[in-house]
Amino acid sequence: MKFVIVLVALFALAAARPNRDAETLRYDSNVEPENYNYNVQTSDGKSVAEEGHVEDLGTEQEAIVVKGSYSYIGDDGVTYSVNYIADKNGFQPQGAHIPVA
């Protein structure tokens, strides 16, 4: 389970990797056996924050629950933001630019 938490955190950090010209303005992370959180902000306007924890530890329903957000400045100059939850119900993103079913 620890491996899964670390893997999810590393994947998210890689996805938020800034471009070569951007500088990291903030980088905070904390990885524990049953939870983690991190926050990254770069000089090119990107930011990502995420926290996760294990629910129902030691049971057959054991799962990681993740809550987070990311934002970036699009090519059109608009800042796009996404808030999300990922749990036993799947990935649930919310953002003003995301179509609603």
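Which residue forms a salt bridge with Arg26, and how far apart are the closest N and O atoms? The partner is Asp28, and the closest N and O atoms of the two residues are 2.5 Å apart, where a salt bridge is a side-chain nitrogen of Lys or Arg within 4 Å of a carboxyl oxygen of Asp or Glu. The model is a predicted one, in which local features need pLDDT of at least 70 and side-chain atom pairs count only at pLDDT 80 or more, while totals for chains, interfaces and linings use all residues. Residues are numbered from 1 along each chain as its sequence is written, and side-chain values use heavy atoms, with hydrogens and water left out.

Strands here are DSSP runs (E, at least two residues), numbered from the N terminus, and two of them pair if DSSP finds at least two bridges between them.

In the hairpin of E2 and E3, which has four residues between the strands, Gly45 takes a positive phi near 90°.

Asn39 lies in strand E2 and is buried, at a relative accessible area of 17%, where buried means under 20%, exposed over 50% and partly exposed in between, with a 1.4 Å probe and protein chains only. Leaving aside neighbours within four places in sequence, Asn39 is in contact with Arg26, Tyr27, Asp28, Val48 and Ala49, contact meaning heavy atoms within 4.5 Å.

A search of the whole structure finds two salt bridges. Asp44 forms one with Lys46, with the closest N and O atoms 3.8 Å apart; Asp44 is partly exposed at 23% relative accessibility, as is Lys46 at 30%.

The aromatic rings come next. Rings of Phe, Tyr and Trp (its six-membered ring) pair if their centres lie within 6.5 Å, and planes under 30 degrees apart count as stacked, over 60 as edge-to-face and the rest as tilted; by this rule there are four aromatic pairs. The rings of Tyr36 and Tyr38 are stacked, because their centres are 6.4 Å apart and their planes stand at 10°. Tyr36 is buried at 2% relative accessible area, and Tyr38 is buried at 4%. Tyr70 and Tyr84 form a tilted pair, 6.3 Å centre to centre with 45° between the planes, which links Tyr70 in strand E4 (residues 63–73) to Tyr84 in strand E5 (residues 79–87), 14 residues apart. Tyr70 is partly exposed at 35%, whereas Tyr84 is buried at 8%, and ring pairs link Tyr70, Tyr84 and Phe91 into a cluster. E5 and E6 run antiparallel and are joined by five bridges, with Tyr84 standing opposite Pro93 in E6.
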